[in-house]
Amino acid sequence: MDATRVLEIFKEITRIPRESGHEEPITAWLLEWAKAHGLEAKRDEIGNVCITREAAPGKENVPTLVLQAHQDMVCEKLAGSKHDFLKDPIEYVIEDGWMIAKETTLGADDGIGIAACLALLESKDKTGKLECIFTISEETGMDGAEAMQPGFFTGTTLINLDSEDEGQMFIGCAGGVTTEATYSFNTEPAGKREALKLSIAGGLGGHSGDDINKGRANTVMLLLRFLYSQLDGGLRLVCFDGGGKHNAIARDCSAVVLTDDAAALKAAYAEFGQVIAEEFHTTDPNLMFSCTPAQAEEAMDEGSTRRIVASLYACPHGVLAMSQDIKDFVETSTNLAAVHTDLSDNTVFVCTSQRSSSRPACRAAAAKVEAALALGGAKVVHLSEYPGWNPNVNSHILKVCVDSYKKCFGVEPLVLAIHAGLECGLFLEKFPGLDMISFGPTLRGVHAPGEKLELASLDKFVRHLEDVVVNFK
């Protein structure tokens, strides 16, 4: 097993559509791959796959090791991109030591984990029994892990290959919940008011857990900030659309509005753009603001405009609490991920997500979001709650991985928890006593266009993983 082979397999994976909820092509490919390599494979009812390699001669008494990655990827692209994630291969470049998808997400989260598993399975390395688990729909609610039945795998030690910083070993993660809401609104004729489209584009975005404390712009929140400032000027909202996946920070958004004084609104928006560009000149230097003519025959009436804009602007976003036990570690956060208007039935749909290492704090954050949205008349539901993963500092696999890393590279790895959701929390709930760790190569910009994989870190990740698996006992 070497990094070159892992990268070759990952390049094959980038040609296979695998958007969350549409994993059928990658599921079928995994089963065919196993068949071609003479390995036992099974698929459960929901679509999880397990590929098994029996122990090498002399390794029959080594405990079974479970390696786990998820099949799906977050599918985000730049505004204007014609990429179709349901059929098009991911386009990437190798540049300055990185593998980069410039217009879309790369899918190294978690395609590189899949590739590492397959490279191990086909290698000539002498190992104990390996069970490689590939779950579905991790990115949209951990559906595969949630639906997995007892007995799908037999090992009691699991390595999750879904982390994004080489040299860091993760032994805990946040739990989370998705909170969605729907507003209904009344309309009135446009009359003599002029329609304008206000847009913000070019936000860096990023992972709503791992990047939530980096101060990046949420374009949905920014545009709401401007709209709220204009409510007393007679502004009427026609529609608002921005953001995408629940676990990504919103990079682009737009709103069509009606105004009695187009010149004044244009001037105010231009000034607002300058203020925001200065506020985010370091984290989001490519923010772009535009105000263009639009068409609208009707808009939300004054009452609907006020309650929806005010309620959304009051909805929290960002870090809510830092850990009292771990320095500089986010305990609780929330992401106002997406807002979309359906003019066919006069509704506005809102998607948010909350994360915390404390389940009560996570539920309190979700309740806080619900309160802000419900005060504006929205109907609110909470979906896809998943548990966190409490660290076990006495873990056997942790000691194995730390000792291996020191042997391979002469330095101690960092041992951390992460403010992002990993399937380990669900696995621990379903398979009590499971001993787990998570690590991976360095990825940047996950869940956003421009996602990239550092190739030097891939070399180290592969060397470390191979050493752990070969010498595990």
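Q: What covers the buried residues of α9?
A: The cover includes strands β7 (157-160), β8 (168-173), β20 (414-418) and β21 (435-438), plus helix α11 (455-471). Contact here means heavy atoms within 4.5 Å. Helices (H or I, at least four residues) and strands (E, at least two) are DSSP runs, numbered from the N terminus. Bear in mind that this is a predicted model: local features need pLDDT of at least 70, side-chain atom pairs count only at pLDDT 80 or more, and totals for chains, interfaces and linings use all residues. Residues are numbered from 1 along each chain as its sequence is written, and side-chain values use heavy atoms, with hydrogens and water left out.

Q: How do you know that the span of α9 agrees with what a helix should give?
A: The expected span is 1.5 Å times one less than the number of residues. Helix α9 (residues 396-409) has 14 residues, which should span 20 Å, and its end C-alpha atoms are 20 Å apart, so the two agree.

Q: What is found at the start of α9, and what comes just after α9?
A: At the start, a side-chain oxygen of S395 comes within 3.3 Å of the backbone nitrogen of I397. Just past the helix, G410 has a positive phi of about 75 degrees.

Q: What makes the F226 and Y269 pair edge-to-face?
A: Rings of Phe, Tyr and Trp (its six-membered ring) pair if their centres lie within 6.5 Å; planes under 30 degrees apart count as stacked, over 60 as edge-to-face and the rest as tilted. F226 and Y269 sit 4.9 Å apart centre to centre with 70 degrees between the planes, so edge-to-face it is. F226 belongs to helix α5 (residues 219-229) and Y269 to helix α6 (residues 262-279), so the pair ties together parts that are 43 residues apart in sequence.

Q: Why is the Y269 and F272 pair called stacked?
A: Their ring centres are 6.1 Å apart and their planes meet at 25 degrees, so the pair is stacked. Both residues lie in α6, 3 residues apart, about one turn of the helix. Ring pairs also link F226, Y269, F272 and F289 into a cluster, and the structure holds 10 aromatic pairs.

Q: What makes K460 a charge over the ring of F409?
A: The rule asks for NZ of Lys or CZ of Arg within 6 Å of the ring centre and within 35 degrees of the ring normal. The charged end of K460 sits over the F409 ring, 4.8 Å from its centre. Likewise, K452 lies over the face of W98, at 4.6 Å from the ring centre.

Q: Why is strand β17 described as largely enclosed?
A: In β17 (residues 330-342), 10 of the 13 residues are buried, so the rest of the structure largely encloses the strand.

Q: How do you know that β17 pairs with β12, β16 and β18?
A: Two strands pair if DSSP finds at least two bridges between them. β17 runs antiparallel to β12 (residues 236-243) with 2 bridges, to β16 (residues 318-322) with 4, and to β18 (residues 347-356) with 10. V339 of β17 partners G242 and stands opposite V350 in β18.

Conventions: Polar contact = N/O pair within 3.5 Å; in protein donor to acceptor, adjacent residues only side chain to side chain. Buried < 20%, exposed > 50% of the residue type's maximum accessible area, 1.4 Å probe, protein only.
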